[in-house]
Amino acid sequence: RPVLLYFHANWCTYCKDLSANFAALTKEGYLKQFTLLEIDLSNHTTDTENIMENYKIFGLPALLFFNGQGMEQK
């Protein structure tokens, strides 16, 4: 299945709004066609810096889409 990778933080206002939207879509069943994975980047650590660098995330929220074969879709 395709994957929707969602990067967020608890201090990010836009992230809170987007999280609420994802919750509503999940309840309605719209996300059944994707696997939704969430990565919480709330704490600034070496690990979170490495994740952001690896996925080329420059700000939050960020969404990445991967097809069923694991290839990122731009």
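**Close-up 1. K56 in the loop between α2 and β3.** In this predicted model, K56 is found in the loop that runs between α2 and β3. Its phi is positive, at about 60°. K56 is not a glycine. Why does that deserve a close-up? Most residues other than glycine have a negative phi. Is K56 buried or exposed? Its relative accessibility is 59%, so K56 counts as exposed; the cut-off for that class is over 50%.

**Close-up 2. The peptide bond between L60 and P61.** The bond that joins L60 and P61 is cis. Its omega is about 0°. Most peptide bonds are trans. Where does P61 lie? P61 is in the loop between α2 and β3, and β3 covers residues 62–66.

**Close-up 3. The ring pair of F7 and Y55.** The count of aromatic pairs comes to 2. One of them joins F7 and Y55. The ring centres are 5.4 Å apart, and the planes meet at 55°. Planes under 30 degrees apart would be stacked, and over 60 edge-to-face. The angle of 55° is therefore that of a tilted pair.

**Close-up 4. Where F7 and Y55 sit.** F7 lies in strand β1, residues 3–8. Y55 lies in helix α2, residues 46–55. The pair therefore ties together parts that are 48 residues apart in sequence. Y55 has 31%, so Y55 counts as partly exposed.

Conventions. Residues are numbered from 1 along each chain as its sequence is written. This is a predicted model: local features need pLDDT of at least 70, side-chain atom pairs count only at pLDDT 80 or more; totals for chains, interfaces and linings use all residues. Side-chain values use heavy atoms; hydrogens and water are left out. Rings of Phe, Tyr and Trp (its six-membered ring) pair if their centres lie within 6.5 Å; planes under 30 degrees apart count as stacked, over 60 as edge-to-face and the rest as tilted. Helices (H or I, at least four residues) and strands (E, at least two) are DSSP runs, numbered from the N terminus. Buried means under 20% relative accessible area, exposed over 50%, partly exposed in between (1.4 Å probe, protein chains only).
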